[in-house]
Amino acid sequence: MAADSSSELPVMLGADVVDGFLKVVLRYLRTTVGVDAVIASLGAPTAESQTIAVALDFSGDVRGPVTWVFPRPIALELVRRLMSDPDPDPDSATDGATELANILTGRASEALEDRGFHCAIGVPRVHVGELPSGVAVRMDTANGPIDVVLSMSTVPAVPLG
Amino acid sequence: MPSAIIVDDSPIMRAQLRKQLATAGFSVVAEAGNGDEVMALYELHRPDLVTLDILMPGRDGASVAAELLARYPGANVVMCTSVSTREKIEICRKAGVKYYLLKPFRAEAAVAVFRRALAKRTCMLPRFDEAPRFDEPPGAPTASQGDRYGR
């Protein structure tokens with residue numbers, strides 16, 4: 001894959017790449033916070049008051065942010081599990097959401113590598129305000145919906161020869 | 001008591017690692033939330049083990065591990081990260097990292113890895129009374145080893 005073809009037009013992620021990314025996400029939601037999520041819809045989610053939005057930036061063959069929107073109970077569940085604390089401080093929800101976004105993005109990036117994309121991931125940051133445009137996916141869970149917006153694009157490979 | 005340094009930008013991960021290292025018998029002598037402080041902390045404390053995240057503000061953990069192990073080949077580094085791409089794992093492996101814990105990991109798995117890392121380090125470092133004398137050929141059993149093997 002070409003990593004420095006900045007003059008070329010970016011291309012939105014293909015359906016197979018999005019599918020592979022989401023499969024890993026569903027698997028690790030189950031193992032990380034015990035949440036069975038079901039992909040419910042593609043659309044344009046909005047961050048609500050009881051949610052925490054976290055974004056991480058991809059660079060390399062895949063560029064742009066992935067933005068996660070977690071209900072607070074799911075973020076707190078990670079804290080509960082990591083700290084073995086049945087009643088974690090509600091203020092730690094942001095730390096939980098940040099770490100969950102970190103884990104899911106890190107693991108799901110395997111799906112990008114499996115398809116030949118070499119990319120690096122930036123440090124998670126809390127996202128405030130309107131969500132960016134991109135492929136928006138809602139996953140329903142018993143604790144409320146998890147939204148993810150894939151705003152990444154790929155740089156087309158340079159033909160050999 | 002063996003000592004450890006935790007390097008991870010997540011406060012909850014640091015708290016989790018602190019517990020697991022304590023269970024494995026380590027005393028945590030320093031913590032950092034970014035990769036920039038690791039070399040100074042290592043030189044100050046010379047710990048028996050360093051846990052390193054990869055995605056952190058400042059320098060990423062893979063490049064820190066490479067520099068640390070180039071300067072201190074005996075450093076005992078355990079990567080604790082969610083980054084599982086072959087590329088990053090290969091960078092760490094080539095740098096000399098022996099242990100790679102992928103988040104989310106079970107507490108028992110982490111404790112087992114920390115204990116194994118310590119046991120390996122203890123085996124690698126000869127006890128003072130077992131260090132070979134300069135007049136012995138390399139690999140020759142020392143007096144105490146000879147005793148142990150019944151020679």
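Here, two residues count as in contact if their C-beta atoms, placed from the backbone, lie within 7 Å. Every view below comes from a predicted model.

**View 1. Where chain A meets chain B.** On the chain A side, 20 residues take part in the contact, and chain B puts in 19 residues. Three helices of chain A each supply at least two residues of the side that touches chain B: helix 1 (15-33), helix 2 (72-83) and helix 3 (93-114). Helix 3 of chain A gives the most, with 11 residues. Sort that side of chain A by class and you get 6 nonpolar, 9 polar and 5 charged residues.

**View 2. A cis peptide bond in chain B.** Look at the step from Lys103(B) to Pro104(B): the peptide bond here is cis, with omega near 0°. Pro104(B) sits in the loop that runs between strand 5 (99-102) and helix 5 (107-124) of chain B.

**View 3. Ser84(A) and its positive phi.** Ser84(A) isn't a glycine, yet its phi is positive, near 50°. You'll find Ser84(A) in the loop between helix 2 and helix 3 of chain A. Ser84(A) has 11 other C-beta atoms within 10 Å, so it counts as exposed, the cut-off for that being 12 or fewer.

**View 4. Arg46(B), another non-glycine with positive phi.** For Arg46(B), phi is positive at about 45°, although the residue is not a glycine. Its spot is the loop between helix 2 (38-45) and strand 3 (49-52) of chain B. Arg46(B) is partly exposed because 13 other C-beta atoms lie within 10 Å, and that class falls between exposed (12 or fewer) and buried (20 or more).

Note on methods:
Residues numbered from 1 in each chain as written. Chains lettered and ligands numbered in written order. Predicted model: local features only at pLDDT ≥ 70, side-chain atom pairs only at ≥ 80, totals over all residues. Helix = DSSP H or I, 4+ residues; strand = E, 2+ residues; numbered from the N terminus. Nonpolar A, V, L, I, M, F, W, Y, C, P; charged D, E, K, R; others polar.
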